[in-house]
Amino acid sequence: MVPGEVDTIFAAASGFGKAAVCVVRVSGPGSADLVTALAGVLPAPRRLSLRRLRDPITGEVLDEALVVWMPSPHTFTGEDQAELHLHGGLAVRAGVLRCLTERPGCRPAEPGEFTRRAFLNGRLDLTRVEGLADLIDAETEAQRRQALRQLEGELGRQAETWRERLLDVLARLEAGLDFADEADVPEEVDAGAIAEAAALADEIAVVLSDGTRGERLREGFTVVLAGPPNAGKSTLLNALARREVAIVSDVPGTTRDAIEVRCDLDGLPVTLVDTAGLRDSLDPVERIGIERTYQHLRRADLVLWLHSAEERNEPAAAEPGKLLILTKSDLHPGQPKSTIDIAVSAKTGEGLPALLARVRAEAEMGLGHGDALVTRERHRIALSRARDALHRACMPGLAPELVAEEVRTGARALAAVTGRVDVDDVLDRLFSSFCIGK
């Protein structure tokens, strides 16, 4: 290749191991030459064509595969691209990848490098890249919906709309500074610009007042099962998970460490956490488990505080973010204690549907339906900086030069949302989380 020219990269875009089909992606200026070397003839653009692939050096047949050629700029990366749809045997894949590696100027792609090139070539903004990463990681319907909205550019378009409006405000303010003595500049231009800046600050504030639903949906809703030893936490966890994930024993203190189970609760991501029973203990290992229980309680979105029907004392009243659950209700039939929210029996199944419905309602209230605009802490920080800068710009008595500077700061913060500025440190962290081939 010519010195300084961009490498042509390749990677298997399908999973590892034996499969029916293995898709190998290629992107870069040498894509056409590479396909021609392997397939003999470059296929018509964007049409799957059956080709016999040969080793360019030995002429040995490697596979009969479907090949698609996609010339730039209308490709995912914005570069020339190609895909080889091979038979999914390990030897076939290894042989083709070896031939690609031997081509001058052609190298294996790094994690997320295809998407990184799409960003650098203007095919995706940073919010859409993040949406793609979230879509790959999505485990539930709500997460999928939220990721798709980001991939389709909803936040990016809104941030760009705000930024364009703010640039208009900045132009009006700077006109007032540069041409203050000119008769054709109206005296009320500054007042109108300040009013627009204030309106923008209010619009951004509304988006930020969503209770961090987008970030919480990405991470999932955490439900911690807590209470004294032998309250039935592990038994309830197994019943809710519908499988044996925790050891159940009559011996108090059996659970020493937290056990987490991720669930898809009607499309919402919920993590159930079984914890060590809370009591005074001299056992150093059990005390570590109890301290970890308190750590999980501090981070929980919802606490299920378990109280066994075998206990005679009345449990304390519930607090915000906590449900009091009477367990082993089959051992003490009749009216539950007055402070109890739900009575359940893991043995008979009594109360479990009601408990799941209550957990789902709490999760839905905390996570929403995947309709949040802000889905990452990075978005929230940038938008908060823009809002705060605009609030400062609207302070009475602020010098015109400082007003313009605050508006400029707000516009720069909005540009950071889509990746126009200040994203070098973000890129390495983000793309390293992608799989190779994407």
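Modeller: Helices (H or I, at least four residues) and strands (E, at least two) are DSSP runs, numbered from the N terminus. The chain here has 14 helices and 12 strands. This is a predicted model: local features need pLDDT of at least 70, side-chain atom pairs count only at pLDDT 80 or more, and totals for chains, interfaces and linings use all residues. Residues are numbered from 1 along each chain as its sequence is written, and side-chain values use heavy atoms, leaving out hydrogens and water.

Biologist: How do I read the packing of helix 12 and helix 13?

Modeller: Two packed helices are described by the angle between their axes and the distance between the axes. Axes are lines fitted to C-alpha atoms, for helices over the stretch in contact, with angles from 0 to 180 degrees between N-to-C directions. Helix 12 (residues 377-393) and helix 13 (residues 400-418) have axes that come within 8 Å and cross at roughly 165°. The pair is therefore roughly antiparallel (angles over 145 degrees).

Biologist: Which residues of helix 12 and helix 13 meet?

Modeller: Contact means heavy atoms within 4.5 Å. Among them, Ala 382, Leu 383 and Ala 386 in helix 12 and Val 403, Val 407 and Leu 414 in helix 13 take part. The contact residues divide into 12 nonpolar, 2 polar and 4 charged (Ala, Val, Leu, Ile, Met, Phe, Trp, Tyr, Cys and Pro are nonpolar; Asp, Glu, Lys and Arg charged; the others, Gly among them, polar).

Biologist: How many disulfides are there?

Modeller: A disulfide is a pair of cysteine sulfur atoms within 2.5 Å. The count is 0.

Biologist: Is Cys 99 buried or exposed?

Modeller: Buried means under 20% relative accessible area, exposed over 50%, partly exposed in between (1.4 Å probe, protein chains only). Cys 99 is buried, at 3%. Cys 263 is partly exposed, at 23%.

How values were computed:
Parallel < 35°, antiparallel > 145°, perpendicular 65-115°, else oblique.
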